[in-house]
Amino acid sequence: MITVTGGSRRQRMYTESIALFCVNKLMPRMHMLDINIKLKRFSKDTSFGYCLPADEYEVYDRPKRFELEINSGARLRRVLETVAHEMVHVKQFAKGELYQGIRAAKHRWQGDWIDDNIDYWDLPWEIEAHGREVGLFVRWAEKEKLGNKRWTHDD
């Protein structure tokens, strides 16, 4: 189940579509996921989005409920690429590839605890998410026959 709130009607429509596309591509056998996506303007935060398991007590297990926050103030293509990026994190959590400590900002990737001092761009879960976001977006746009649409400028 995917729920999208906030943003414009157009943003909600495309966000739900690409999120469903990502579930089908990344986790085709997972049917019990509950993903709540909030489109909202980030005031002072320069991030594009976040993904967290919705129930902190399920963090060590393979969570099935997720909260995503996406910066709706970005251009539409960036919003949708961010949704794809965060959906990779959903996959990582749901398949047990990525674990996050409940109270401390500790992470375990593929069974190994990761040093907290690693730069963001060197984190293995971020390398995967950044590496897949554009490809997921492009394949979604092609599937939706939006490949010829000009994505660099929003209405």
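Me: Buried means under 20% relative accessible area, exposed over 50%, and partly exposed in between (1.4 Å probe, protein chains only). In this predicted model, is Lys145 buried or exposed?

Reply: Lys145 lies in the segment after α3, and its phi is near 60°, a positive value in a residue other than glycine. Because its relative accessibility is 73%, Lys145 counts as exposed.

Me: On what basis are these residues numbered and the values computed?

Reply: Residues are numbered from 1 along each chain as its sequence is written, and side-chain values use heavy atoms, leaving out hydrogens and water. In this predicted model, local features need pLDDT of at least 70 and side-chain atom pairs pLDDT 80 or more, while totals for chains, interfaces and linings use all residues.

Me: In what order do the helices and strands follow one another?

Reply: The protein chain has three helices and seven strands; these are DSSP runs (H or I of at least four residues, E of at least two), numbered from the N terminus. Read from the N terminus on, the elements run β-α-β-β-β-α-β-β-β-α.

Me: What percentage of the contacts between residues at least 6 apart in sequence joins residues at least 24 apart?

Reply: The protein chain holds 155 residues, and buried ones make up 43% of them. A contact means heavy atoms within 4.5 Å. Among contacts in the protein chain between residues at least 6 apart in sequence, the share joining residues at least 24 apart is 67%.

Me: Is Thr15 buried or exposed?

Reply: Thr15 has its place in helix α1, residues 9-26. Leaving aside residues up to four places away in sequence, Thr15 touches Val4, Ile37, Leu39, Val79, Leu80 and Val83. Since its relative accessibility is 0%, Thr15 counts as buried.

Me: At what angle do α1 and α2 pack?

Reply: Arg10, Gln11, Tyr14, Thr15, Ile18, Ala19, Cys22, Val23 and Leu26 in α1 meet Leu76, Val79, Leu80, Val83, Ala84, Met87, Val88 and Lys91 in α2. Axes are lines fitted to C-alpha atoms, for helices over the stretch in contact, and angles run from 0 to 180 degrees between N-to-C directions. With the axes 9 Å apart, α1 and α2 pack at an angle of about 35°.

Me: How far apart are the axes of α2 and α3?

Reply: On the α2 side, the residues that meet α3 are Arg77, Arg78, Leu80, Glu81, Ala84, His85, Val88, His89, Lys91 and Gln92. Their partners in α3 include Trp125, Ala129, Arg132, Glu133, Leu136, Phe137 and Trp140. Helix α2 covers residues 76-94 and helix α3 residues 124-143; they pack at an angle of about 125°, and the distance between their axes is 8 Å.

Me: What separation do the C-alpha atoms of Asp45 and Asn71 have?

Reply: Asp45 is found in the loop between β2 (34-40) and β3 (49-53). Its relative accessibility is 30%, so Asp45 counts as partly exposed. Asp45 and Asn71 stand 26 residues apart along the chain, and the separation of their C-alpha atoms is 9.1 Å.
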